Amino acid sequence: MTSPTQILKGVFTRWLTVVLVTVAFSLNFLGVVQAAGERDPAAETFIRGLGDQAIIILDDETSTENEKTEAFSHLVVNNTDIRAIGKFTLGQYRRTLTPAELEDFLDLFKNFTENFYKKRLGEYSGERLNVKGSLVRSAKDVIVMSELRFAFAEEPLEVNWRLRKQDGQYAIRDLQVVGIWLALEQRSQFTSVIANNGGRIDALLDSLREMVNNGEGFDYQPTKANNS
Amino acid sequence: MTLPETGQAMIIQRKKTAFKRLGAGLCLLGALFVAGCSTTNGNPAANDPWQSTNRKFFKVDRTLDKAIIKPIAKGYRNVVPERGRKSIRHFVDNLHAPVVFANDVLQFEPKRAGITLTRFAINSTIGLAGFFDPAKKMGLEPHEEDFGQTLAFYGIPEGPYVYLPILGPLPPRDMVGYVVDVLTNPLVWMGDPAAGYVNKGRVVADGLGDRERAIEVLENLEETSLDFYAGLRNLYRQNRENEIRNGEPQFDDLPDFEDDFEDEDF
């Protein structure tokens with residue numbers, strides 16, 4: 001026979017377990033476990049994993065250049081928070097877009113990003129990624145510091161990754177190469193195109209469409225002297 | 001890497017009369033700077049009130065670059081082997097050491113000043129007049145400093161963007177810095193004509209080396225750019241900030257990705 005005390009004890013133990021698991025899960029979910037300023041080993045593992053996968057793709061002698069390009073581009077895009085970056089690159093003009101325009105833009109931006117990495121594939125050959133550390137900025141914002149070592153260059157290239165952490169998953173938000181944040185640089189170009197065309201988002205959409213379709217850059221000139 | 005300095009595709013030293021002109025230009029710029037601060041345009045965040053003029057100059061530079069400078073840089077790469085180019089770079093950098101040292105001191109960086117001085121002593125002697133860099137092998141890593149960075153150290157803001165033909169991006173703070181660096185270089189005030197020739201050679205070799213190293217980076221950037229001018233403007237600024245921090249990582253002031261309003265993704 002189980003005494004009422006034992007039943008109560010059992011219920012209490014189970015309740016306590018549930019509470020503790022829930023709290024632990026929530027803390028992890030909210031990212032509270034890692035305080036700002038600390039390292040985040042999981043984020044470092046994420047970047048190290050990406051580096052390893054990139055090497056496997058680039059060093060695969062059985063695949064053609066086209067296959068490598070596709071695989072590398074997919075690897076980048078699948079691990080990047082393209083939608084968030086796309087919105088970020090619109091700067092202050094993000095608010096002026098209708099939902100349909102935003103979706104148009106984000107589709108184009110995804111293709112644009114894929115093309116970007118396809119073009120730059122050659123630059124990544126013979127590199128090795130060495131993760132050096134990480135820094136938790138906030139529960140959802142982590143920086144991973146790394147360096148790229150080239151086969152034919154003495155000096156490594158400093159590369160820092162800004163990651164978004166959500167539900168224990170990581171996605172790339174921005175990339176800093178020798179002190180230059182790429183999403184910031186991209187934003188400067190996009191907002192400039194919009195600003196120099198009287199604040200019209202169409203101008204950016206047209207430019208992006210042209211670039212995605214042609215796969216080439218073009219000599220952009222402001223349409224009118226409204227940039228005084 | 002010289003990626004954001006690439007706007008300064010090639011720096012050509014002007015003669016003394018040019019300094020006078022620059023001086024006059026600076027006074028004018030000072031006035032414009034004040035005016036520019038209050039100017040608003042389509043994209044105030046860009047802080048580029050003279051954008052249409054800047055873009056014209058940028059276009060001139062690109063034409064010059066395509067026709068003359070880039071082909072010379074490519075020729076330089078083809079004719080001079082990598083080891084030779086490296087030696088020239090070491091020589092040029094070594095000649096610039098007095099300016100770097102002065103700015104290290106002005107920024108209260110005794111350790112970096114010591115490194116610059118020791119590097120200069122070692123490389124000018126054992127390094128055969130600076131053509132080799134034995135100091136680096138001894139663990140004394142090279143670094144750059146200029147008076148524009150010193151002004152930033154003392155809290156002077158960069159000011160509105162300015163792009164000049166040949167000289168590239170030179171907003172007011174960096175323009176003043178550039179003039180001061182030119183004038184404080186011992187090769188300029190030594191008065192010896194030989195020193196003058198060496199200095200001119202240094203400036204040309206420096207610009208050529210920068211351009212040669214940036215060939216691929218610039219090509220890639222241009223190919224993937226929607227607005228090359230705006231992209232370079234941002235690269236210049238980010239790079240200057242990085243230089244001012246002496247390359248020390250700083251992650252405190254990053255922009256937020258989350259918007260202030262409703263966003264289904266966050």
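## Reading a two-chain model

Author: Of the 228 residues of chain A, 33% count as buried. In chain B, buried residues make up 40% of the 266.

Reader: What makes a residue "buried" here?

Author: It's a neighbour count: 20 or more other C-beta atoms, placed from the backbone, must lie within 10 Å of the residue's own C-beta; 12 or fewer makes it exposed, and anything in between is partly exposed. Keep in mind that this is a predicted model, in which local features need pLDDT of at least 70 and side-chain atom pairs count only at pLDDT 80 or more, while totals for chains, interfaces and linings use all residues. As for names, residues are numbered from 1 along each chain as its sequence is written, and chains are lettered from A and ligands numbered from 1 in the order in which they are written.

Reader: What makes β1 and β5 of chain A edge strands?

Author: The five strands form an open sheet in the order β1-β2-β3-β4-β5, with antiparallel pairing. β1 and β5 of chain A each have a single partner strand, so one side of each has no neighbour in the sheet. As for β3(A), seven of its 10 residues are buried, which leaves it mostly covered.

Reader: How do you know which residues form the largest nonpolar core?

Author: A nonpolar core is a set of buried Ala, Val, Leu, Ile, Met, Phe, Trp, Tyr and Cys residues joined through C-beta atoms within 7 Å. The largest such set has 22 residues, and Phe109(A), Phe190(A), Ile194(A), Leu204(A) and Leu208(A) touch the most other members. Helices α4, α5, α6 and α7 of chain A each supply at least two residues of this core, with the largest share, five residues, coming from α6(A). A second, separate core of 19 residues includes Phe58(B), Leu167(B), Met175(B) and Tyr229(B).

Reader: What does Leu208(A) touch?

Author: Leaving out residues up to four places away in sequence, Leu208(A) touches Leu108(A), Phe109(A), Phe112(A) and Leu226(B). Touching means being in contact: the C-beta atoms, placed from the backbone, lie within 7 Å.

Reader: How many residues from each chain take part in the contact between them?

Author: Chain A gives 42 residues and chain B gives 33. On the side of chain A, the largest share, nine residues, comes from α6(A). That side divides into 17 nonpolar, 15 polar and 10 charged residues. The sorting takes Ala, Val, Leu, Ile, Met, Phe, Trp, Tyr, Cys and Pro as nonpolar, Asp, Glu, Lys and Arg as charged, and the others, Gly among them, as polar.

Reader: Where does helix α2 of chain B bend?

Author: At Asp65(B), by about 55 degrees; the helix covers residues 51-79. That is the angle between axes fitted to the seven residues ending there and the seven starting there. Buried residues of α2(B) include Phe58(B), Asp61(B) and Lys70(B). The buried residues of this helix pack against β1, α10, α11 and α12 of chain B.

Reader: What is the predictor's confidence in chain B?

Author: pLDDT scores each residue from 0 to 100. Chain B has a mean of 80, and 80% of its residues reach 70 or more. Over residues 1-41 of chain B, though, the pLDDT is below 50, as it is over residues 259-266. Where pLDDT is low, the predicted coordinates should not be read in detail. For the complex, the predictor gives an ipTM of 0.75 and a pTM of 0.77.

How values were computed: Contact = placed C-beta atoms within 7 Å. Helix = DSSP H or I, 4+ residues; strand = E, 2+ residues; numbered from the N terminus. Pairing = 2+ DSSP bridges.
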